[in-house]
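This briefing goes through one protein structure by topic. Please have the sequence and the model open while reading.

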Amino acid sequence: MSVPPATQKPWTLHTTGLHQHLLDFQMIYILRGWIKFTYAGHGEHTFGPGDCCLQPPGIIHNELDCSDDLELLEITSPGDYVTSALNK
């Protein structure tokens with residue numbers, strides 16, 4: 001299991017285009033600011049303070065945008081996992 005630092009100052013949006021993580025568990029909890037994702041088959045979703053998202057294993061998604069003050073907590077299992085970028 002991994003719990004990365006909740007803040008990265010300044011926040012850098014790491015978008016790779018559509019991708020998926022090869023893991024068993026991934027959850028994000030938004031502490032401050034907002035972040036917008038797109039999920040295959042589910043459309044765009046914006047998460048703000050207090051929002052929690054349990055991302056199903058292997059779901060195809062992408063980070064679209066975020067606020068400059070974004071702070072989030074991400075919990076994954078395993079802690080070291082593979083991210084697979086998908087061709088468009």
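Two strands count as paired if DSSP finds at least two bridges between them. By that rule β2 and β5 are partners, since four bridges join the two strands, which run antiparallel. The model is predicted. The protein chain has eight strands and zero helices, and 34% of its 88 residues count as buried.

**Strand layout**

- Read along the sequence, the chain follows the pattern β-β-β-β-β-β-β-β.
- Three strands form an open sheet in the order β5-β2-β7, with antiparallel pairing.
- β5 (52–55) and β7 (71–77) stand at the edges of this sheet, and each has a single partner strand, so one side of each is left without a neighbour in the sheet.
- From one strand to the next, the twist averages 15 degrees.
- Glutamine 26 has glutamine 55 of β5 standing opposite.

**The two faces of β5**

- In a regular strand the side chains alternate between the two faces of the sheet.
- The side chains of β5 alternate in this way: Cys53 and Gln55 point to one face and are buried.

- β3 and β4 pair in the antiparallel sense over five bridges.
- Tyrosine 39 has glycine 43 in β4 as its bridge partner.
- The hairpin of β3 and β4 has three residues between the strands, and glycine 41 there takes a positive phi near 80 degrees.

**Aromatic residues**

- A pair of aromatic rings is described by the distance of the centres and the angle of the planes.
- The structure holds two aromatic pairs.
- In one of them, the rings of phenylalanine 37 and phenylalanine 47 have centres 6.1 Å apart and planes at 65 degrees; the pair is edge-to-face because planes over 60 degrees apart count as such.
- This pair links distant parts of the chain, with phenylalanine 37 in strand β3 and phenylalanine 47 in strand β4 (residues 43–47), 10 residues apart.
- Phenylalanine 37 counts as buried at 4% relative accessibility, and phenylalanine 47 is buried too, with a relative accessible area of 12%.

**Salt bridges**

- A search of the whole structure finds two salt bridges.
- In one, the side chains of glutamate 71 and arginine 32 meet at 3.3 Å, N to O.
- That pair links distant parts of the chain: glutamate 71 lies in strand β7 and arginine 32 in strand β2, 39 residues apart.
- Glutamate 71 counts as buried at 14% relative accessibility, because the cut-off is under 20%, whereas arginine 32, at 42%, counts as partly exposed.
- In the other, glutamate 44 bridges to lysine 36, and the closest N and O atoms are 3.9 Å apart.
- Glutamate 44 is exposed because its relative accessible area of 54% is over the 50% limit.
- Lysine 36 counts as partly exposed, at 26% relative accessibility.

**Threonine 76**

- Is threonine 76 buried or exposed? With a relative accessible area of 2%, threonine 76 is buried.
- The side chain of threonine 76 reaches the backbone oxygen of proline 78 at 3.3 Å.

Conventions. Residues numbered from 1 in each chain as written. Predicted model: local features only at pLDDT ≥ 70, side-chain atom pairs only at ≥ 80, totals over all residues. Heavy atoms only, no water. Axes fitted to C-alpha atoms, helices over the stretch in contact; angles between N-to-C directions. Buried < 20%, exposed > 50% of the residue type's maximum accessible area, 1.4 Å probe, protein only. Polar contact = N/O pair within 3.5 Å; in protein donor to acceptor, adjacent residues only side chain to side chain. Salt bridge = Lys/Arg side-chain N within 4 Å of Asp/Glu carboxyl O. Phe/Tyr/Trp six-rings, centres within 6.5 Å; stacked < 30°, edge-to-face > 60°.
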